[in-house]
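Please look over the model before reading on.

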Amino acid sequence: FLKVQDRVLQLMVAEPGITEADELPRIASDERLTLWRGDITALRCDAIVNAANSALLGCWIPGHLCIDNAIHTFAGVQLRLKCAQIMQQQGYEEPVGRAKITPGYNLPAKRIIHTVGPMTKGSPTVEQRKQLTQCYLSCLDAAALDGAKSIAFCCISTGVFGFPQQEGAAIATNAAKTWLDTRKPGEPGADMHVIFDVYTEEDEEYYREILGPDAKAG
Ligand code: AR6
C-alpha cells in the first residue's frame, strides 16, 4: 500500500502534462520572448491571459471551444465566484482594453489576467487596433504590479471576436516589445518573460513570420 501511495504522490508532484514556462526556450534574437503552441490551461507560469467578454463571468455557451470556457472549466467554480465579486464591486460591464487579475485556483498558473478585446467584423478600425494594443499593455501592467515574472498571452480577440489573426499577431508582438523596451532596470516587469501562446498552426506561422525563423513554438 505504501508503495502505491508513494507512486501516487510521485505522479502528483511530477504533474505530467504540465509545461513549465521557465523551461521553454527563448527566442534567440530576443531572449525576453518565447513562442509556444499549446493549451494555456496546462502552462505553469506567473500569469496567463484570458480573452474574456464584458460580463467577465466566463463563456455561457456549453462546450464552446473558446479560451474563456477552457480557463473557467479547469480553474474551477471559485474563479466564477471571484469574477462575480469583482464585477459586483465594479458595478458596470468590463470595458474593452482593461485588465482584471484573479488567482489561478486549480490551474498551474498563479494568476489569471482577464481582458476584453475588441469585437471586429472585417477590417478593424483604427480605434479597434488601439483597443487591442491596450489589452496587451493593460495585462502587462497588471502582471508587473502584481509581481509576475512571466506572462502567457493567448491571441486576444482573434477567435470568436473576429480580429484578423495576422494583424493581431503584429499588434501583440509590437505592444509587448514596446512595453518591455520602456521598463527601466529594477522597475516591476523589467525582467518579464513574455510567452506568446499560439493555439493553431496558422497563428504559429504568423508569429514566426514576425519573430523570425528561430522562434520555435515548442
Ligand atoms: N489555450 C490557448 N489558446 C486557446 C485555447 C486554449 N485552451 N482555446 C482557444 N485558444 P477566443 P476572443 C485561442 O475565441 O476572440 C468567448 O466566448 C484561440 O485559438 O477564445 O477574444 C468569450 O467569453 C484564439 O487564438 O477569444 C468572449 O465572448 C484565442 O484563444 C469571446 O469568446 C482567442 O480566441 C472572446 O473572443
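The second largest pocket has 13 lining residues, and Ala21, Asp22, Cys45, Asp46 and Ser150 lie nearest its centre. A pocket here is an open set of points on a 1 Å grid over the protein atoms alone, where a 1.4 Å probe fits, with protein on both sides within 12 Å along at least five of seven lines; lining residues have an atom within 4 Å of a point. This is a predicted model: local features need pLDDT of at least 70, side-chain atom pairs need 80 or more, and totals for chains, interfaces and linings use all residues. Residues are numbered from 1 along each chain as its sequence is written, and side-chain values use heavy atoms, without hydrogens or water.

**Second largest pocket**
- Its space is about 150 Å³.
- Its lining divides into 3 nonpolar, 2 polar and 8 charged residues (Asp, Glu, Lys and Arg count as charged; Ala, Val, Leu, Ile, Met, Phe, Trp, Tyr, Cys and Pro as nonpolar; the others, Gly among them, as polar).

**Largest pocket**
- The largest pocket holds about 750 Å³ of space.
- Of its 34 lining residues, Leu65, Cys66, Ile67, Asp68 and Gly159 are closest to the centre.
- β4 (47–52), α2 (67–75) and β8 (193–198) each give two or more residues to this lining (DSSP runs: helices are H or I, at least four residues; strands are E, at least two).
- α2 gives the most, with 6 residues.
- The lining splits into 17 nonpolar, 13 polar and 4 charged residues.

**Ser138**
- Ser138 sits in helix α4 (residues 126–145).
- Ser138 counts as buried because its relative accessibility is 14%, under the 20% cut-off (1.4 Å probe, protein chains only).
- Ser138 touches Gly97, Arg98 and Ala99 (heavy atoms within 4.5 Å), leaving aside residues up to four places away in sequence.

Definitions and conventions. Buried means under 20% relative accessible area, exposed over 50%, partly exposed in between (1.4 Å probe, protein chains only). Grid points are joined across faces, edges and corners, and a volume is the space filled by probe spheres set on the points.
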